[in-house]
Amino acid sequence: MRIVGLTGGISSGKSTVSNLFKSHGIPIVDADIVARDALKKGSGGWKKVVAAFGEEILLDNGEVNRPKLGQIVFSDPDKRQFLNRLLAPYISSGIFWEILKLWLKGYKVIVLDVPLLFEAKMNKFTKPIIVVWVDPEQQIQRLMARDKSSEEDARNRINAQMPLDVKRSKADIVIDNTGSLDDLNQHFQKVLLEVSKPLTWTQFWLSRQGAFIILTSVTSGLLLCIKVFNNTS
């Protein structure tokens, strides 16, 4: 199995690229969705977060008020890191099970969509790593337009993440999303060809098909040895 790492920054266009992969039949493991599940009312993550930040972060129905929690942690690096540490075990296990389910279904290529791919050290499990990049000022303008937020709030949220230029330096593939949607689509088609190329031998043996061949070969070898042993006894 080839696990493609996809990351970027807030308002960089990562979600658009993720949807393009999905529209071409490549399954996505979305860390944001896994994180939302980890915060559902009554879950282990929910209990940890409520115990740490208090019931004032809850909505009337008991679910976490995510915008309110976001305001708390985006303005305080220590609280943000603390929240990440609280949820990391639940998010990591959730991602693992999503990947396992896709592996069991026989998918050879999947995309792991993780905003904090490098920060969470998940980049070492993915190849290639794709970073969706935009110019920092363009990123601010897009975020302000999308969330109707102030420039100060937009800058705080962007500064809470690893700079896109740093992520770009760590990438195997960079998608420059400073242009139009048509430009992005053209760039994406080239990336799609790259990630859809035949698996390496290592990736093949780690796929379900490869594991089945190994299991079949080992089983056949054991049966042959047993037959030979019985014939010589």
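**Serine 11 lies in the loop between β1 (2-7) and α1.** Helices (H or I, at least four residues) and strands (E, at least two) are DSSP runs, numbered from the N terminus. The model is predicted: local features need pLDDT of at least 70, side-chain atom pairs count only at pLDDT 80 or more, and totals for chains, interfaces and linings use all residues. Residues are numbered from 1 along each chain as its sequence is written, and side-chain values use heavy atoms, without hydrogens and water. Although serine 11 is not a glycine, its phi is positive, at about 65°. Most residues other than glycine have a negative phi. With a relative accessible area of 12%, serine 11 is buried (under 20%; exposed is over 50%, partly exposed in between; 1.4 Å probe, protein chains only).

**The loop between β3 (109-113) and β4 (129-133) holds proline 128.** The peptide bond that leads from lysine 127 to proline 128 is cis, and its omega is near 0°. Most peptide bonds are trans. Lysine 121 also has its place in the loop between β3 and β4. This lysine 121 is a residue other than glycine with a positive phi, near 65°. Lysine 121 is exposed, its relative accessible area being 53%.

**Lysine 167 belongs to helix α8 (residues 164-170).** The residue is buried yet forms no salt bridge (a side-chain nitrogen of Lys or Arg within 4 Å of a carboxyl oxygen of Asp or Glu). The nearest side chain of opposite charge is that of glutamate 119, 4.1 Å away (Lys and Arg count as positive, Asp and Glu as negative; His and the chain ends are not counted). Leaving aside residues up to four places away in sequence, lysine 167 touches Thr7, Gly8, Pro115, Phe118, Glu119, Val131 and Met162 (heavy atoms within 4.5 Å).

**Valine 34 is part of helix α2.** At a relative accessible area of 10%, valine 34 is buried. When residues up to four places away in sequence are not counted, valine 34 touches Ile91, Gly94, Ile95 and Glu98. Between valine 34 and serine 93 there are 9.3 Å in space, C-alpha to C-alpha, and the two are 59 residues apart in sequence.

**Lysine 101 and glutamate 98 form a salt bridge.** Their closest N and O atoms are 3.0 Å apart. The two residues are three positions apart in helix α5, so about one helical turn separates them. Lysine 101 is partly exposed, with a relative accessible area of 43%, and glutamate 98 is partly exposed as well, at 32% relative accessibility.

**A salt bridge links glutamate 151 to arginine 155.** The closest N and O atoms of this pair lie 3.0 Å apart. Both residues are in helix α7, and a spacing of four residues places them about one helical turn apart. Glutamate 151 has a relative accessible area of 38% and is partly exposed; arginine 155, at 31% relative accessibility, also counts as partly exposed.

**The side chains of aspartate 165 and arginine 168 meet in a salt bridge of 3.4 Å, N to O.** Aspartate 165 counts as partly exposed at 38% relative accessibility, and arginine 168 does so at 34%. Within helix α8 these residues are three apart, which means about one helical turn between them. Elsewhere, salt bridges with shared partners join Glu137, Glu151 and Arg155 into one network.
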